[in-house]
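Have the sequence and the 3D view open as you read.

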Amino acid sequence: MFDSWHEKSGVRASPRRTIPEDDDILKDFFPRHLVAHLAHPAVAETDEVLKRYLLAQHMYHWMGFTTAFELAVVCRASKLIAERESGIEVPGGVRMDAYKILVDESYHALYSFDAVEQIQARSGIEALPYDFQPFLVNLDRIGDDHPQHRRLVQLIQVFVFETLITGLLVDIPKDPNVVSLVREIARDHAIDEGRHHVYFAEFFGHLWGQLELSDRRLVAAFLPDLIVRSLQPATLSASTALNAAGFSSTVTRSIIAESYDRESVSAGIRSAAGRTIGILENHGVLDLPGAREGFAAAGLLHP
């Protein structure tokens, strides 16, 4: 899957993405249908300047999350594989590809940061401060609960994230109403992530095949919680943007509660996790005692 990496990876084959001089910076910064709170009546009735601000902040958050996540989570686990510190025996080619993923993900972080800098300068809309630490602390809490398995948890984290399917990287490039820089970056990212998806799906086979039964049961038990934590919508950042746009705390809480209700959030998580759960099914993870019940209780299985 990485045989043509030197010729076709984004870092090798794609130019630096910039905002063309003739590009319409007044286009949307993000597809509107992917920003749930934008459709709320309290937001929908406001003027385009405010909506544009909220779209910009949503895009900035997405780019900021990508920059931080690639370095803090994906590179962390990929480094373990590349440097034979994962505790899982893999062929040399798997290690070589892990080094390539380290390069890919660092480049994704770079061009996401670069895009934010460019758009801020061109649009005049400054990004609100973004703190990735709360998300990382929450994600790593599962590892804190099992300190002797922290490395295993980190490997499962990256498997989950790299095999989840969300609409973002597919939908953004298709929306002609979005500024070209954002669309091009999403398209470049999607191409690389296609390779990463296959890689980590195959890596999970190596990992699962080498785990003791007790460790398999542990992984099956914490996977539902990990998947749900991974896909929770970024309501804190949305709330911060709404407050900064002038909405009161009371109205903001109402907008968030009604835009991200439990049923729709659960359905979105279940849809995004479908491919990952399919891989787990293929390896018999859900056949372990209590596993299927745990996934169902987390709302990850279709009724």
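A quick definition to begin with: a residue counts as buried if its relative accessible area is under 20%, as exposed if over 50%, and as partly exposed in between, using a 1.4 Å probe and protein chains only. By that rule Tyr107, at 16% relative accessibility, is buried, and Tyr111, at 7%, is buried too.

Keep in mind that this is a predicted model, where local features need pLDDT of at least 70, side-chain atom pairs count only at pLDDT 80 or more, and totals for chains, interfaces and linings use all residues. Residues are numbered from 1 along each chain as its sequence is written, and side-chain values use heavy atoms, leaving out hydrogens and water.

**Aromatic rings**

Rings of Phe, Tyr and Trp (its six-membered ring) pair if their centres lie within 6.5 Å; planes under 30 degrees apart are stacked, over 60 edge-to-face, and the rest tilted. Searching the whole structure turns up 12 aromatic pairs. Here are two of them:

| Pair | Centre distance | Plane angle | Type |
|---|---|---|---|
| Phe65 and Phe132 | 5.7 Å | 65° | edge-to-face |
| Tyr107 and Tyr111 | 5.0 Å | 80° | edge-to-face |

Phe65 sits in helix H4 (residues 48-82), while Phe132 is in the loop between helix H5 (92-123) and helix H6 (133-145), so their pair ties together parts 67 residues apart in sequence. Helices here are DSSP runs (H or I, at least four residues), numbered from the N terminus. Both Phe65 and Phe132 are buried. They also belong to a cluster, linked by ring pairs, with Phe69, Phe135 and Phe161. Tyr107 and Tyr111, by contrast, are four residues apart in helix H5, or about one helical turn.

**Two crossing helices**

How do H6 and H7 cross, left-handed or right-handed? Their crossing is right-handed. The axes come within 8 Å and cross at roughly 130°. Residues in contact (heavy atoms within 4.5 Å) include Phe135 and Leu139 of H6 and Val153 and Phe161 of H7.

**Helix H14**

In H14 (residues 274-282), the buried residues are Thr276, Ile277, Ile279 and Leu280. Seen down the helix axis, they fall within an arc of 155°, so they line one face of H14; the arc is taken from the directions from the axis to the C-beta atoms. Among the elements covering them are H7 (150-163), H9 (180-210), H10 (213-231) and H15 (291-297). After H14 comes Gly284, with a positive phi near 80°.

Note on methods. Axes fitted to C-alpha atoms, helices over the stretch in contact; angles between N-to-C directions. Left-handed = near helix turned anticlockwise from the far one by under 90°.
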